[in-house]
Number of protein chains: 2
Amino acid sequence: MLLSAHNSSVQGTSQVNFQMNYCSNCGKRVTERIPEGDDRPRHVCEACATVHYQNPKIVAGCIPVWKDRLLLCRRAIEPRHGLWTLPAGFMENGESTEQAATRETREEACATVENIELYGVFSIPHINQVYMMFRADMSTGEYQPGPESLDVQLFEEHQILWDELAFPVVRLTLEHYFRDKKSDHFPVHVGNIHQHPARQG
Amino acid sequence: MLLSAHNSSVQGTSQVNFQMNYCSNCGKRVTERIPEGDDRPRHVCEACATVHYQNPKIVAGCIPVWKDRLLLCRRAIEPRHGLWTLPAGFMENGESTEQAATRETREEACATVENIELYGVFSIPHINQVYMMFRADMSTGEYQPGPESLDVQLFEEHQILWDELAFPVVRLTLEHYFRDKKSDHFPVHVGNIHQHPARQG
């Protein structure tokens, strides 16, 4: 479980365009420049010649389904405290995407899932994240709030609180899901979410 | 273009289980411990209270197709110098998965692609990478080796040098592709590649 800045930075800013001051290898000051043979600025340590790369992070999550209803979590952490989301969080080293999505569902909603199927791959370039969302059957009807959730509930489509969803990617995933559910055909959706011009983040 | 350790560490070890000695924020020594509310060891700076997370990286690439043949690159860099691969490399901050795959194809094979479609999502937990492979049509029949390639060639299925492929994920992607090509039906494949017991990496 992750109660720290790690998970609370999902769609936040704390891991975005991370500013590096010192070399994590030798402790000397880093500079920002384009390394030889490269085409974009990196944090470079001139003392030990280490180039420090920063790359997008994967956020893996589920649409947990139980008897025609799906499970949403009300966030107990910032950003978007109090708003509803699908269980999702940063993939960890050493796991697969499915394991990450399953773990996050267990941590945030205390729910176990099976028959997990990739459903959405959504890039969010301005915050350097790629969401990988899976459809999944809940193994039992049991769930309860994990430490990062105020509440966890099963919803039918007409019960969804569309104005109280935490993130655009959650809305997009749910819109695809309910549209595809009518035909019982669930292709993998690939898309991008761009910054809303009126606000940052 | 990336001639540095960044790209050459695809399926290599230089970014894997990265050892951090100093805090990149304040330059003090870090310790390795489980932070409060967390459940796994992280690099933690006791001086400035920063927790340094490490997460899997996305490697995005293409199967570039031109008139019933597909494009492979012969690697000019380690690891697997001299072996054949699909154009692929680390996704950069600020881009989408499709943009990353398109860029890598341009950099490694000097080829432009269109009609890009997600085809494979392959987790490689032991090296903390997730490959995202796309099928794509080459816009023209033009290609040539980029700085990271010794050679670039179009191959029909019977011409593939199966014993000279650089990485298991390339073999897996091509096996799926030629199987699906028989029915002209290309579902998105999700899978995991685990460490070969007989060797590291």
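## Fold of chain A

Chain A has 3 helices and 11 strands (DSSP runs numbered from the N terminus: helices are H or I of at least four residues, strands are E of at least two). Along the sequence the order is α-β-β-β-β-β-β-β-α-β-β-β-α-β. Of the 201 residues in chain A, 53% are buried (under 20% relative accessible area; over 50% is exposed, in between is partly exposed; 1.4 Å probe, protein chains only).

## Basis

This is a predicted model, in which local features need pLDDT of at least 70 and side-chain atom pairs count only at pLDDT 80 or more, while totals for chains, interfaces and linings use all residues. Residues are numbered from 1 along each chain as its sequence is written, chains are lettered from A in the order written, and side-chain values use heavy atoms, without hydrogens or water.

## Interface

On chain B, 49 residues are in contact with 49 residues of chain A. The two chains bury about 4200 Å² between them, 51% of it on carbon and sulfur atoms (accessible area lost on being put together, 1.4 Å probe, summed over both parts). Ser24(B), Tyr53(B) and Asn93(B) supply 15% of the area that chain B buries against chain A, more than any other three residues.

There are 4 salt bridges between the chains (a side-chain nitrogen of Lys or Arg within 4 Å of a carboxyl oxygen of Asp or Glu). Arg40(A) and Glu92(B) meet in a salt bridge at 3.7 Å, N to O.

Several elements of chain B each supply at least two residues to the side that touches chain A, among them helix 1 (5-8), strand 4 (57-66) and strand 8 (113-124). Helix 2 of chain B gives the most, with 4 residues.

## Core

The largest nonpolar core has 40 residues (buried Ala, Val, Leu, Ile, Met, Phe, Trp, Tyr and Cys joined through side-chain atoms within 4.5 Å). Leu71, Val121 and Met132 of chains A and B have the most contacts inside this core. Leaving out residues up to four places away in sequence, Val121(B) touches residues including Leu118(A), Met132(A) and Met132(B).

Thr97(A) lies in helix 2 (residues 97-109) of chain A. Thr97(A) counts as buried because its relative accessibility is 0%. Beyond four places in sequence, its contacts include Met132(A), Ser123(B) and Val130(B).

Definitions and conventions: Contact means heavy atoms within 4.5 Å.
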